[in-house]
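Please have the sequence and the structure open as I speak.

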Amino acid sequence: MEAFVLREYDEWLADHLEELVRRYPSKVVAIHEGQVVYTGDSEAEVYQWVAKTGLTPMPLVFRIPRVEDLDSVL
Amino acid sequence: MPTHVFRYKPIQGRLAPIITVGLKLQENWYPIGTYVDSGAAYTLLHAGIAQGAGFNYRAGRRTSLQVGDGSFIPVYLHDLELQIGPERFLAKVGFSERLGVAFNLLGRDTVFTRFKICFQEHQRMLSFESEGDHG
């Protein structure tokens, strides 16, 4: 995929992850063109929604951590 | 050598080495967020990603990996294309239904040999320097 798309998603996540952790802890979100376009409980559910919409570029689907998740990384 | 720089991601005042990478499943590329984890032998992803993409992850080689609490989780390993910055390469990628952590993990296989990875937490950035020609 285009490297600039990955770069834009990464920068957006760096700017907004704090807000996402407050608003959507433990949810799975789809991010597209600078906004959350869908939230669900699993990656499978969110990707199924993404497939129906046909959004391009492919949205970034990301499970929102809780702060305590940082203590449980392998 | 090309260097790709990423910002640490803040989580309630703490910093996490999370980066966005590309994953190719079948013919489609998916951007995914991954926690860069030198303690993980392989890149490990939530099985829901494969399920949502219609990828039969259970066709992969089944193995068990020990996790932080000492238990073992089943993982299905595949050779898949990853993308970091503009660089694409094959790596062992595992899917698990019992990952036990919120994050997908970007592990050592191929990634840590292909790139010199520098964690610069004080500068709130991490860099991936390509280690040269990998054919």
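Let me begin with A:Ser26, which counts as exposed because it has 12 C-beta neighbours inside 10 Å. The scale behind that word places C-beta atoms from the backbone and calls a residue buried if 20 or more other C-beta atoms lie within 10 Å of its own, exposed if 12 or fewer, and partly exposed in between. Before I go on, a word on the source: this is a predicted model, in which local features need pLDDT of at least 70 and side-chain atom pairs count only at pLDDT 80 or more, while totals for chains, interfaces and linings use all residues. Residues are numbered from 1 along each chain as its sequence is written, and chains are lettered from A and ligands numbered from 1 in the order in which they are written.

Back to A:Ser26, then, which has a positive phi of about 70° although it is not a glycine. A:Ser26 sits in the loop between helix 1 (3–23) and strand 1 of chain A, where helices (H or I, at least four residues) and strands (E, at least two) are DSSP runs numbered from the N terminus.

Which other residue of this kind deserves a look, with a positive phi in a residue other than glycine? That is A:Glu33, whose phi is near 50°, and which lies in the loop between strand 1 and strand 2 of chain A. With 10 C-beta neighbours inside 10 Å, A:Glu33 counts as exposed. The hairpin that these two strands make has two residues between the strands. Strand 1 (residues 28–32) and strand 2 (residues 35–40) of chain A run antiparallel and are joined by five bridges; for strands to be called paired, DSSP has to find at least two bridges between them. Within this pair, A:Ile31 stands opposite A:Val36.

Further along chain A there is a cis peptide bond, with omega about -5°, joining A:Thr56 and A:Pro57. A:Pro57 belongs to the loop between helix 2 (43–53) and strand 3 (60–63) of chain A.

Stepping back to chain A as a whole, we find two helices and three strands, and from the N terminus on the elements run α-β-β-α-β. The radius of gyration of chain A is 12 Å, close to the 11 Å that the globule rule gives for 74 residues, so chain A is as compact as a globular protein of that length; the radius is taken over C-alpha atoms, and the rule is 2.2 Å times the number of residues to the power 0.38. Taken along the principal axes, the C-alpha atoms of chain A fill a box of roughly 35 × 25 × 25 Å. Of the 74 residues of chain A, 32% count as buried.

Now to chain B, where three strands form an open antiparallel sheet in the order 1-12-11. Strand 1 and strand 11 (115–120) of chain B stand at the edges, each with a single partner strand, so one side of each is left without a neighbour in the sheet. Between strand 1 and strand 12 (residues 125–130) of chain B there are five bridges, and in strand 12 the bridge partner of B:His4 is B:Phe128.

Elsewhere in chain B, strand 7 (residues 61–66) holds B:Leu65, which counts as partly exposed because it has 19 C-beta neighbours inside 10 Å. Leaving aside its neighbours within four places in sequence, B:Leu65 is in contact with B:Ala41, B:Phe72, B:Ile73 and B:Val75, a contact being two residues whose C-beta atoms, placed from the backbone, lie within 7 Å.

How many residues does each chain bring to the contact between chain A and chain B? Chain B supplies 37 residues and chain A supplies 29 residues. Strand 5 of chain B gives the most to the side of chain B that touches chain A, with seven residues. That side of chain B divides into 20 nonpolar, 13 polar and four charged residues, where Ala, Val, Leu, Ile, Met, Phe, Trp, Tyr, Cys and Pro count as nonpolar, Asp, Glu, Lys and Arg as charged, and the others, Gly among them, as polar.
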